[in-house]
Amino acid sequence: MDFQEKLVHDLVAKHGTDRENLLPILQGVIDQERFLSEEAILKIAKEMSIPAADVYGTATFYSFLDTDPRGKYVIRVCKTITCAMKGKNQIIQAIENFLKIKVGETTVDKKFTILQTNCLGWCHKAPAMLVNDDVYTELTPESVVDILREYREEN
Amino acid sequence: MTTTKKQLHRIDLIFKNEQDCKEILRNALARSNQEVINEMVNSGLKGRGGAGFPTGLKWKLTAEQKVDEKFVICNADEGEPGTFKDREILTRVPHKVLSGMAVCAKIIGARKGYIYLRGEYKFLVPNLKKELRRFHDILDELGLDFRVEIFMGSGAYICGEESALFESMEGKRGEPRNKPPFPTEIGYMNKPTVINNVETLAHSYTILKYGAKKFRELGVKDSRGSKVFSVSGDTPIPGIYELELGMSVQDFVDDFGDGDTKAVQVGGASGFLVPRKRFGKTSIGYQGKLTGISLPTGGSMMIFNSSRSMYNVLNNYLDFFEEESCGQCTPCRVGCQQLLKGIKAVKRGEKPASYLDKLLKLTDTMKLTAKCGLGQSVANSFSSIVENFREEMIY
């Protein structure tokens, strides 16, 4: 059994095969692999005995259930009104310059992906971003680079 | 610019540090269901997520269903732009929310509850789980057969719409259902379900502790009690504030504005933009006040000063709606796309200014024909911005 097979199998064993467990299972795969590959979707469909089209259809509805390969750290910069007013563009610019990729792209070492997202709920501390599940607020072009440098230099 | 600041009265009920939820629960559970329902109805509490349905009535209607299995769901899918108060409530006073859920469960006859937490707030989970363990111990002690679980969302604004939330919990695309039937009859897993906003549940704790009468002393007719507001934008003091309902936008701006406030967005992107000339004539609360215009809000208050382009604001909202529309019904899916394309075309001069009137008609159609609140409410911000700031849309 390869890693993904075991992952899916364990998640389905933990949550159950009923349809209402699909989201937690998809989320569990995202936690480990950062995206839902076609293989993962097929394995989930098989283990849960539901059509792969249903799994794929459900996954693609949710912005956090990516079906494109993502880096180890997914950066989601809020682009909704207050963050946009408080300098979101400069933050994006600083991240793009630092990582040398554009929004929507992943670094060659597969460590970072930059995305924009809708309201994160930190409007009073804008601009804000998520790095996977961690929240960073009141960003400046300098602070965002410091934060990402720490992620890059870990290990 | 110098202004003499008039401060609105700050209320300290929701966030008050009260650790007596065992006592509150014990007392509430000892009362008859009818008594508690009456208390809730008499309080005048209306849903704090924004829609404003009377909470007591919701509990009563669900309690009346003769079905074995029922559910209580706490809607923590806080996604409306400019809203962030539910996270604060769940961080600081989660036990009040849980107490509200437990009392509701006892009254309607539910053994299972869920907190549907937006994916963006996943970092709250460890703390919430700790709270849940403590809370379940209290329930065991009091002999109430009720358990609460956390269900995580995955980044979809529309799942804050109650029926879309049920679909999501059932493992499906978060596409809203037709109503009726309402959740009080057919909700999660097609069972009668009470679904309340985080803040609504926290208020129910206050009502159970201090009584309906005390709660009613706050606010105005048809808009009773206090409300937690999320204040952001061009303000020197952004943050979370508990204020009385019924205040005028002018009083709000005098307190929170930066002295140069041009407009206030009440109720997030799905709410209304109030321009300076209407500050005095508009109040914050539910419909039904005797004079003037009263605007409901889930608590989102976004302030714009005169440096802001209202075209950019509308463009940002439409970009949001176009992405967050679930795509299920045509008026919303195509409507949002066309509105966004339309205002850009007018701005670039590819369409005449009169095209804005066509777009306004389109929002009327969406209001009438979209399946859920998302598509229906795009008209609110669109018309209030285009009608009040037409020049900014064109030049």
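Domain bounds, as used here, come from an automatic or database domain assignment. On that basis, chain B of this predicted model is divided into domain 1 (21–215), domain 2 (219–305) and domain 3 (310–394).

With strand 2 (residues 112–117) of chain B, it pairs in the parallel sense over 6 bridges, and I73(B) has Y114(B) as its bridge partner in strand 2. Strand 4 (residues 193–197) of chain B likewise runs parallel to strand 1, to which it is joined by 5 bridges. In strand 4 of chain B, N196(B) is the bridge partner of C74(B).

The next step is the boundary between domain 1 and domain 2 of chain B. Taken over C-alpha atoms, the centres of these two domains are separated by 26 Å. Their contact takes 19 residues from domain 1 of chain B and 20 residues from domain 2 of chain B. On the domain 1 side, helix 4 (85–92) and helix 8 (198–210) of chain B each supply at least two residues. The largest share of that side, 3 residues, comes from helix 4 of chain B. By class, the side of domain 1 that touches domain 2 has 5 nonpolar, 8 polar and 6 charged residues.

Further along chain B lies a packed helix pair. Two packed helices are described by the angle between their axes and the distance between the axes. For helix 11 (residues 310–324) and helix 14 (residues 373–388) of chain B, the angle is about 170° and the axes are 10 Å apart. Because angles over 145 degrees count as roughly antiparallel, helix 11 of chain B is roughly antiparallel to helix 14 of chain B. Helix 11 of chain B contributes M310(B), V313(B), L314(B), Y317(B), F321(B) and E324(B) to the contact, while helix 14 of chain B contributes L374(B), V378(B), S381(B), F382(B) and I385(B). By class, this contact has 9 nonpolar, 1 polar and 1 charged residues.

Chain A has 7 helices and 4 strands, arranged along the sequence in the pattern α-α-α-α-β-α-α-β-β-β-α. Its C-alpha trace spans about 50 × 30 × 20 Å along the principal axes. Of the 155 residues in chain A, 42% are buried. Among the contacts in chain A with a separation of 6 or more, 61% are between residues 24 or more positions apart.

The two chains meet in a contact that takes 29 residues from chain A and 37 residues from chain B. On the side of chain A that touches chain B, helix 2 (22–33), helix 4 (52–59), helix 5 (81–85) and strand 4 (134–136) of chain A each supply at least two residues. Helix 5 of chain A gives the most to this side, with 4 residues. By class, the side of chain A that touches chain B has 15 nonpolar, 10 polar and 4 charged residues.

Key. Residues numbered from 1 in each chain as written. Chains lettered and ligands numbered in written order. Predicted model: local features only at pLDDT ≥ 70, side-chain atom pairs only at ≥ 80, totals over all residues. Contact = placed C-beta atoms within 7 Å. Nonpolar A, V, L, I, M, F, W, Y, C, P; charged D, E, K, R; others polar. Buried ≥ 20, exposed ≤ 12 C-beta atoms within 10 Å, placed from the backbone. Pairing = 2+ DSSP bridges. Axes fitted to C-alpha atoms, helices over the stretch in contact; angles between N-to-C directions. Parallel < 35°, antiparallel > 145°, perpendicular 65-115°, else oblique.
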